[in-house]
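Hi,

Here is the structure I promised to pass on. Have a look first, and my notes follow below.

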Amino acid sequence: MRVLVIGANGQVGKYVIDKLNDSGHEPVAMVRDTDQVPQFEDKGIRSVIGDLEKDFESAFYNIEAVIFAAGSGPHTGADKTILIDQEGAIRAIERAKHFGIKRFVMLSSMAADRPESGAEAMKHYLYAKHRADEYLKQSGLDYTIVRPGRLTNDRGNGKIKIQEHINSYGEIPREDVAETLSFLISGAKAENKAYDLLSGDQRIHEALAN
Ligand code: NAP
């Protein structure tokens, strides 16, 4: 499947590109800077330039599915969080609809389904993620929303815990998040579902078989 990865230059996004490529999909890396292109093109992966705060419509040409893995990051203020994590995601969902792309996988965050429960400093972020997730649920697209706990740079071991709700907080390597997103892109069972995601003891394909 030809999959547009929004946020492809990010720490999760780079893994997503590799996992999709390794599993026989055709990833297309959306990046916002021409300097970010060679790392993908050297591996034979197509890149498109697009900025969620500007025009990124051309990135959607000839695309079959979208993984949204972008975010403004922890070092920007609430204004950027709303512009990118919320409004950027909503505009991406609209672009997907406009181009007739049905499959959309969203990298969200644990607690985005209950933003009022978050620490005060996190609330604007959780509400931004929440609004984007709710918009996707109402969009008519075949969505899957993944809400991981704290992301680490540990090497992935391919073992996860994925449930509609997990009642404890925890962490997960970015590599395992990426492998889960890549696996979900073609998993019909996960369509129109939202999951919390942590490290666990089930292999990704086993955890998602049920
Ligand atoms: P990251 O390394 O900061 O990657 C975010 C990507 O988004 C970057 O590639 C960045 O582009 C891109 N981006 C930012 N603004 C953009 C714009 N205007 N247009 C297009 N792309 C834009 O983050 P990560 O570690 O991969 O995590 C991905 C996401 O997971 C986070 O953003 C967050 O929402 C979510 N998450 C994080 C945690 C955590 O513990 N950190 C937990 C749960 C969920 P550049 O490379 O050009 O800067």
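Let me start with a pair of strands: strand E1 (residues 2-6) and strand E4 (residues 65-68) run parallel and pair over four bridges. Strands here are DSSP runs of at least two residues (E), helices are runs of at least four (H or I), and both are numbered from the N terminus; two strands pair if DSSP finds at least two bridges between them. Within this pair, Ile 6 has Phe 68 in E4 as its bridge partner.

Before I go on, this is a predicted model, so local features need pLDDT of at least 70 and side-chain atom pairs pLDDT 80 or more, while totals for chains, interfaces and linings use all residues. Numbering runs from 1 along each chain as its sequence is written, and side-chain values use heavy atoms, without hydrogens and water.

Back to the sheet. It is open, with nine strands in the order E3-E2-E1-E4-E5-E6-E10-E8-E11 and mixed pairing. Strand E3 (46-49) and strand E11 (202-203) are at the edges with a single partner strand each, so one side of each has no neighbour in the sheet.

Now the ligand. A polar side-chain atom of Asn 9 is 2.8 Å from a ligand oxygen atom, and a side-chain N or O atom of Arg 174 is 2.7 Å from a ligand oxygen atom. Gln 11 uses a backbone N or O atom, 2.9 Å from an oxygen atom of the ligand. (A polar contact is a pair of N or O atoms within 3.5 Å.) The protein covers 83% of the 910 Å² of accessible area that the ligand has on its own (Shrake-Rupley method, 1.4 Å probe).

Cheers

Note on methods
A polar contact is a pair of N or O atoms within 3.5 Å; within protein, one must be able to donate a hydrogen and the other to accept it, and residues adjacent in sequence count only if both atoms are side-chain atoms.
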